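Let us walk through this structure together, starting from one residue and then stepping back to the whole chain. Please have a look at the model first.

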Amino acid sequence: MKKGKVVFIISFLILLSIAIYSTFTYIQQNKRNNEIEKEDYEFCESIDYKNTKYKEHCENVIESINVKTDFFTMYTNVLLEGFLNISFVLCLFLIIPSLCYISGYFKNNMISEEITRTSYSKIKMKLFKKSYYSVLILPAVIIITFLICGLYTKSFDVSYALKYGLVPWSESSLKYPTLFIFCYILNIIIHSILYVNIGICIVRKYHNYFVAVILSFLTFIGIEAILEVLFSGIICTTILKNDLGIYFNIMNMISFNDSKGLIMPLVVPFILMIISFVAIHFLYKDKEKLIIDCEQA
């Protein structure tokens, strides 16, 4: 139990540290950019640039001097740049802490002792509850990052982002920042639940902690490969000849592709999440079989 909490905290702190480091880096770079823009503005104001080679440059500088960095631009730089290179292993930051308690519980056959004084439904509830704590890790990091970006920029005006094309999201989505943020966080939660559910499914049969973590990650990679090759490559691109294949990706949840609206990025992970809950139900349905598996482990 204590080990699970420690691993939970470590996972959270690592991800938060990445976000904070990216935030600090962006703020420093933004300050340098503002200084350069200020110098350019003062230079353009000091000369009659209209008949010089600086005409186009100065017009852009003067036009953009009052356009400040917005929330979405900062968030894009902080989180997408910070987590972009590790998106394929983000699931491990959830799976690793989620399996600490449940794997030890099964491996040490604690269920055989507890089942005599507690109902099986309560045992399952306790095990799942301890595993699902890990679902909070990524949403918490995202929310903290949202707050930092909001407090620093104090602006949800997307003029800067749209002018310079610095964000991957559409103008129609960014016009409703509250709805966008809600859908974005919901997207993170759905993916987080899916990742943890994969681990819960695997640990049902493989009680060794390290084996369960490795197999969970390989299962995650396998699901991603099937989605990319079968659904995205063959069904959507080859057979149906559409671009919906971009949504068959459970690995890169951070980018949140909204090219076809805010709901579309949620559909595939939500369906997979429901399927994973069904799988958990059937895997943990038979109490006697689980007890036998724990005794033989």
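Leaving aside its neighbours within four places in sequence, which residues is Y284 in contact with? Contact here means heavy atoms within 4.5 Å. With those neighbours set aside, Y284 is in contact with I102, F106, Y120, K124, F128, I200, V203, R204 and L290.

Before we go on, a word on how to read the model. This is a predicted model, in which local features need pLDDT of at least 70 and side-chain atom pairs count only at pLDDT 80 or more, while totals for chains, interfaces and linings use all residues. Residues are numbered from 1 along each chain as its sequence is written, and side-chain values use heavy atoms, with hydrogens and water left out.

The largest nonpolar core has 84 residues, and the ones that touch the most other members are F106, I142, W169, F180, Y184, I254 and Y284. Helix α10, residues 177-203, gives the most to this core, with 15 residues. A nonpolar core is a set of buried Ala, Val, Leu, Ile, Met, Phe, Trp, Tyr and Cys residues joined through side-chain atoms within 4.5 Å. Buried means under 20% relative accessible area, exposed means over 50%, and partly exposed lies in between, with a 1.4 Å probe and protein chains only. In soluble globular proteins, nonpolar side chains tend to be buried together.

Now step back to the chain. It has 13 helices and 0 strands; helices (H or I, at least four residues) and strands (E, at least two) are DSSP runs, numbered from the N terminus. Of the 297 residues, 44% count as buried. Among contacts with a separation of 6 or more, 78% come from residues 24 or more positions apart.

What about the overall dimensions? The C-alpha trace spans about 90 × 50 × 30 Å along its principal axes. The radius of gyration of the chain is 24 Å, whereas a compact globule of 297 residues would have one near 19 Å. That radius is taken over C-alpha atoms, and the globule rule is 2.2 Å times the number of residues to the power 0.38.

Why does F270 count as partly exposed? Its relative accessibility is 42%, so F270 falls in that class. I271 is partly exposed as well, because its relative accessibility is 45%. I271 and I190 are 81 residues apart in sequence and 9.7 Å apart in space, C-alpha to C-alpha. For F270 and T145, the separation is 125 residues in sequence and 24 Å in space, again C-alpha to C-alpha.

Helix α11, residues 209-239, holds V211, which is partly exposed with a relative accessible area of 34%. The C-alpha atoms of V211 and S103 are separated by 9.9 Å, although the two residues are 108 apart along the chain.

Finally, visit two loops. N109 lies between α4 (92-107) and α5 (110-114), and its phi is near 55°, a positive value in a residue other than glycine. K154 lies in the loop between α7 (137-153) and α8 (159-164), and phi of K154 is also near 55°. Most residues other than glycine have a negative phi. K154 is exposed, with a relative accessible area of 71%.
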